[in-house]
4 protein chains.
Amino acid sequence: MSTAPPNSIRSILHRHLTPEAWPEQGMSPTNIVVSILILIGAMSAVLDTEPTLTERFSGIFFVIELVLFVCFFTEYLARVYAAGEEERYQGLLGRLRYCVSFWAIIDLLALLPFLLTIGASNAFMLRFFRLLRLLRLARLGRFSEAINAVLAAVRERRYELMLSLGAAGMLLVGSASLLYLVEADNQPEAFGSIPRALWWSIATLTTVGYGDVTPVTALGKFFAGITAIAGIGLIAMPTGVLAAAFSDAFQRRKEELDELQNLED
Amino acid sequence: MSTAPPNSIRSILHRHLTPEAWPEQGMSPTNIVVSILILIGAMSAVLDTEPTLTERFSGIFFVIELVLFVCFFTEYLARVYAAGEEERYQGLLGRLRYCVSFWAIIDLLALLPFLLTIGASNAFMLRFFRLLRLLRLARLGRFSEAINAVLAAVRERRYELMLSLGAAGMLLVGSASLLYLVEADNQPEAFGSIPRALWWSIATLTTVGYGDVTPVTALGKFFAGITAIAGIGLIAMPTGVLAAAFSDAFQRRKEELDELQNLED
Amino acid sequence: MSTAPPNSIRSILHRHLTPEAWPEQGMSPTNIVVSILILIGAMSAVLDTEPTLTERFSGIFFVIELVLFVCFFTEYLARVYAAGEEERYQGLLGRLRYCVSFWAIIDLLALLPFLLTIGASNAFMLRFFRLLRLLRLARLGRFSEAINAVLAAVRERRYELMLSLGAAGMLLVGSASLLYLVEADNQPEAFGSIPRALWWSIATLTTVGYGDVTPVTALGKFFAGITAIAGIGLIAMPTGVLAAAFSDAFQRRKEELDELQNLED
Amino acid sequence: MSTAPPNSIRSILHRHLTPEAWPEQGMSPTNIVVSILILIGAMSAVLDTEPTLTERFSGIFFVIELVLFVCFFTEYLARVYAAGEEERYQGLLGRLRYCVSFWAIIDLLALLPFLLTIGASNAFMLRFFRLLRLLRLARLGRFSEAINAVLAAVRERRYELMLSLGAAGMLLVGSASLLYLVEADNQPEAFGSIPRALWWSIATLTTVGYGDVTPVTALGKFFAGITAIAGIGLIAMPTGVLAAAFSDAFQRRKEELDELQNLED
C-alpha cells in the first residue's frame, strides 16, 4: 500500500504518528510524547481559569499555550504530510480528504482556541474559548484501543441502556409530579412546576441528595421516602448493565492479549 | 381467526394498531407515530405546569392538547373498530367487552384529563388533572415486549425482593428508633417520634443524605455512623437481586432473538 | 417422639405453633395471624411515639396494646403448654428448660414493655420501654427459614466481610486524620480531633454526604475529593461480597425448593 | 537454613515473630498480642486528639503511650535478634541488612512519633507527629496474607482501574467545565474557575452531594442533572472492576484453603 520506500521520512513519520501503523505493541514514543503534551495542555487549560493563578502567572500560562500551539501545529502538518502513505490520502485531493476526516477535524478544532482566546472580547466568550482547549483531551481517544473496546461493549448493549434510561425517565417524571402535586403550595419556588421539581427528583433518585430543596409536608416526605428507596432500583438497573458490558469488554481484551501471547511463544 | 378479507380496512387497521398482530419485527409505523405523540404529550404536560411558560405560551399548549386529544380520540375509535378482527371482540357485545379490557380503559383514562382540565375550579384539582395526562406514558407499556420481559424477571424474584424490603424496613425502623431515643430531647422537631426520625433514617440508609436533619449529640452521631455503614448492606441486597433479574431478562431476550435469527436463516 | 395422641389439643397446638412441626409448606394459619399481630403491634409502637397522634388517640393506642398483650400472653402460655409435645420439654422441669430457650426468652421480653410503660416515670425511660416493644419484630425471625438462609450465607463469608470492614475502618481513620491535620485550625468544632473528623469521614465515604460539615481550605477540599473517590472502592468491596452471599443463599434455596417439587411429582 | 538448634530461644522467637515461619495455621499468639497492642495504640492515638478527653485523661494517655513504646521497642529488638535465624540476616552486617528491609523500617518509623511528640513545639507539628502514630496500623499488613491477596488481585486489574480512573477524570473535568461556563457569573466563589467547580463536580459524580455548592441557573441545573445521572455510570465502572477483582481474590484463597484441607485429610 505504501508508495515510498519503507525507510523514507514520510514512512517513518506515518509509523510513528498513526497508532494502527505502529508495528510493536503499545504506543509509539512520538504518540506518548503527544499524549503527555495533551495532558499538560489540559491541566494548563484547567488551571488557567483560576483567577488567583492567572493574576500571578499569566505570563507562564501564555508561554505554555504558545509552546503547545507550535508543537500541535507541527504535529498537525506532519500528520497531513504522513497521511500520503495511505493510498486514499495521496495527492492534493487525498490530503484534502484527510483534512475532513473525523480525527483531523478534531485535531484542527483543538488548535483553534489559542487563536480565538486572543481575540475574545467578553467574559463568557473567553470562558467558552478556554474550554474549547479541553477538546484536546478528546484527541487521546485516537490512541486508545481500550476506550474503543469499552465503547463497543456499551454500544452492544445500547438497547438495554436505553430501556434503563427510559425507566429512569419515567421514575424521574413520576416522582417529580407527585412532589409537585403535594408541595407546590408550600414551596412554589422549588416545586411550583414539574420541571422545577425535577431538580429535586434527580438529586434524590441518583442519591446525590444536595439538600438545597427538600419536601416539608408530611405527605411530601412520604412520597420522597418512597422515591429515595425506588432510587436504589434505578441505580441497580444501569449499574448491572454497564458492569456486565465493561466486564465483557475487559474479558474479550484479555483473551485477545493471551492469544497474541500464545502466537508469539 | 380473522373474519374479514385480509386486505379490508379493518384488517389493515388491526395489523397496524395491535402490536401482537404486526407481522414484521419491531413496531408498526402507526404505533411509532402514536408513541411519539404520547412522548410529545407527556413533554407538553410537564412544561405546561411551569408558570413562566404557561403565561407566555398558554395558547400553544392549548392547541397541542387539542390536536393530541383529536389524534388519541381517533386512535381510540379506530382501536374499538379494529378490535372486531378478533373473534372475542366481534359484534356490539364484543366491542363492549373490548372497552372494559385493561388497555382500552387505560386509553380512555388518558383521554379524560383534557376534558377535566377545562372544568377544574381550584389549583390543586387543576394540578391533579394535569398530572393525569402523564397517564399517557403508561400506554407506552403496551408496545414494549422488553418492559414485559423485565417485569416478568422481577416478578420471578419477588420473594427475594420482598425479603430485601423487609430487611430494609427493619433497618429503617431500628435506626429511626435509636436516633429517636438519643436525639428526641435535643431536636424534638426532627427526632421527636419514630415516624419523624424515619425521614432522617430513609435519607441516610439510601445514602441520599439531604442534611436537612442530622444528629447533634455524640451518641446520635455514633449511631448515625453505624446506620450509614449499614446502609451499604441495605443497598447491596436489592441491587444484587435486581441486577441479576435484569441480566436474566436481557439474556433470555437475546437468546430468543438469536433463535429467531437462526430460524430465518 | 410425641407422647399424646396425634389429635389431642396439645398435639394440634404444637403443630400450629411450632414452624418445624407444621406438616404443609409455608406457615400455619395460627402463625400467620401471630405474624400479622406482631406487625400491627410494631406499627402501633411506631405511631405511639408521635405526640400529635398520642394526644388525640391515646385511648385507641392503649386498647391496641392491651389486646395485643392479652393475645401474646395467651400465645406464650399456649407455647409453653404445647412444648410438652417434645420429649426434652416434658414435665415441669422440661417446661422450665423451654422457658429459658432462646425464642421463649425473646417472647417473654416482648411482653414486658407493656407492663413497664405503665410504671415509667421520666421521658427517656418511657421512650426506652416503648422501643422495647419493637423487640416483637425479632420474633418474626422464628418463622422465616429465608432469613436463616441469608444469615448462613453471610456467616459463610464473615472472613471477607471482616476484611472489608477492616479496610473501611483504615480508610475512615486515614481520611479523618488527614482532614484533622489540615482543617483543625479553621474548623475546631468539626475537625478539631480525629473522632470529630470521623463524623465527616463516615458521611463522605458512605456517599451519604449530609453537608453539615465540609472542608473549607483548598488542601482540605483536595483530600476530601480523594476521599470521596476512594469511597467508591469502599462501597464496591462489601457490595460485591454481600451481593455474592445473597445470590448464593437464594440460589441454594431455589434448588432445595426444586428438589422438593421433584420429590412430590 | 536455621543455624541454631530448633529449640533455642532465637529459634522460638523467630517462629513466633515471623508470620511465614509459624508452622500452624493462623497467627502465632505473640503476633496476636502485637496486633491487639497495635489496635489499642491506634485507638489511643485517635482519642488522644480530642481536647475534651486529653484535658481530663492526659496522664492515662501518656502512660498508655509509654507502655506501648516499651512493648514495641522490645518487640523491635527481639525481631532484630531473631532475624539471625535466616541466613541472609546473619552476623552484624546481616542485621543491618534486616534493619533497612521494608517492614523493619515501618516498625522503626512507628516507634519515632512517641519521641517526637515530646519535642514538638507548635500545634500543627504536634498534630502531625500524633498522626504518625497511626502508621502503626500499617504494621498490621505484615500479618495478613488476605490483604496481600486482595492487593494482588487489584494489581492484576490495574489497567482496567486506570482506564476507569481516566474516564472518571474526563467526566469530572468535563462537568466542572460546563458548570464553570454557565455559573461563573452568578457564583464566582464556587464556580469561578474549573478547579473550584471540580469541588462540586466530585461531590456530584461520587453521589456524595454535600449541597454546600449547587447551581442556581436553569442551565446550570440542567447540566448538573445530566452530571448526576452520568455519575451512576462513573460508579458502575470501577465498582464492576473492583468487585470482580475482590471476588477473584477470595475465590482463589478459598480454593487454596480447600486444597490444604484435602492434603491434610
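A: A:Thr207 is buried, because its relative accessible area is 5% and the cut-off for buried is under 20%. This is a predicted model, so every value here is computed from predicted coordinates. A:Thr207 sits in the loop between helix 11 (194-205) and helix 12 (218-264) of chain A. Its backbone stands out: phi of A:Thr207 is near 60°, a positive value in a residue other than glycine.

D:Thr207 lies in the loop between helix 11 (194-205) and helix 12 (218-264) of chain D. D:Thr207 is not a glycine, yet its phi is positive, at about 60°. D:Thr207 counts as buried, with 4% relative accessibility.

Helix 9 (residues 158-183) of chain A packs against helix 11 of chain A at an angle of about 120°, and their axes are 8 Å apart. The two helices are therefore oblique to each other. Their crossing is right-handed. Helix 9 of chain A contributes A:Leu171, A:Leu172, A:Val173, A:Ser175, A:Ala176, A:Ser177, A:Leu179 and A:Tyr180 to the contact. Helix 11 of chain A brings A:Ile194, A:Ala197, A:Leu198, A:Trp200, A:Ser201, A:Ile202 and A:Leu205. By class, this contact of helix 9 with helix 11 of chain A has twelve nonpolar, three polar and no charged residues.

A serine in chain B comes next. B:Ser177 is found in helix 9 (residues 158-183) of chain B. B:Ser177 counts as buried, at 5% relative accessibility. Leaving aside neighbours within four places in sequence, B:Ser177 is in contact with B:Ile194, C:Leu131 and C:Leu134.

Two further helix pairs follow. In chain A, helix 2 (residues 29-47) and helix 3 (residues 51-82) pack at an angle of about 150°, with axes 10 Å apart. That angle makes helix 2 of chain A roughly antiparallel to helix 3 of chain A. The crossing of this pair in chain A is left-handed. From helix 2 of chain A, the residues in contact are A:Asn31, A:Val34, A:Leu37, A:Ile38, A:Gly41, A:Ser44 and A:Leu47. They meet residues of helix 3 of chain A, including A:Phe61, A:Glu65, A:Cys71, A:Phe72 and A:Arg79. The contact of helix 2 with helix 3 of chain A has ten nonpolar, three polar and three charged residues.

In chain D, helix 1 (residues 9-17) and helix 3 (residues 51-82) pack at an angle of about 115°, with axes 9 Å apart. Helix 1 of chain D passes helix 3 of chain D in a left-handed crossing. D:Arg10, D:Leu13, D:His14 and D:Leu17 of helix 1 meet D:Glu75, D:Ala78, D:Arg79, D:Tyr81 and D:Ala82 of helix 3 in chain D. The residues of this contact of helix 1 with helix 3 of chain D divide into five nonpolar, one polar and three charged.

Last, the cysteines. The structure holds zero disulfides over all chains. B:Cys71 is in no disulfide, and the nearest cysteine sulfur, that of B:Cys99, is 20 Å away. B:Cys71 counts as partly exposed, at 29% relative accessibility. D:Cys99 is in no disulfide either, and the nearest cysteine sulfur, that of D:Cys71, is 20 Å away. D:Cys99 is partly exposed, with a relative accessible area of 23%.

Notes: Residues are numbered from 1 along each chain as its sequence is written. Chains are lettered from A and ligands numbered from 1 in the order in which they are written. This is a predicted model: local features need pLDDT of at least 70, side-chain atom pairs count only at pLDDT 80 or more; totals for chains, interfaces and linings use all residues. Side-chain values use heavy atoms; hydrogens and water are left out. Axes are lines fitted to C-alpha atoms, for helices over the stretch in contact, and angles run from 0 to 180 degrees between N-to-C directions. Helices (H or I, at least four residues) and strands (E, at least two) are DSSP runs, numbered from the N terminus. Angles under 35 degrees count as roughly parallel, over 145 as roughly antiparallel, 65 to 115 as roughly perpendicular and the rest as oblique. A crossing is left-handed if the near helix is turned anticlockwise from the far one by less than a right angle, and right-handed if clockwise. Contact means heavy atoms within 4.5 Å. Ala, Val, Leu, Ile, Met, Phe, Trp, Tyr, Cys and Pro count as nonpolar, Asp, Glu, Lys and Arg as charged, and the others, Gly among them, as polar. A disulfide is a pair of cysteine sulfur atoms within 2.5 Å. Buried means under 20% relative accessible area, exposed over 50%, partly exposed in between (1.4 Å probe, protein chains only).
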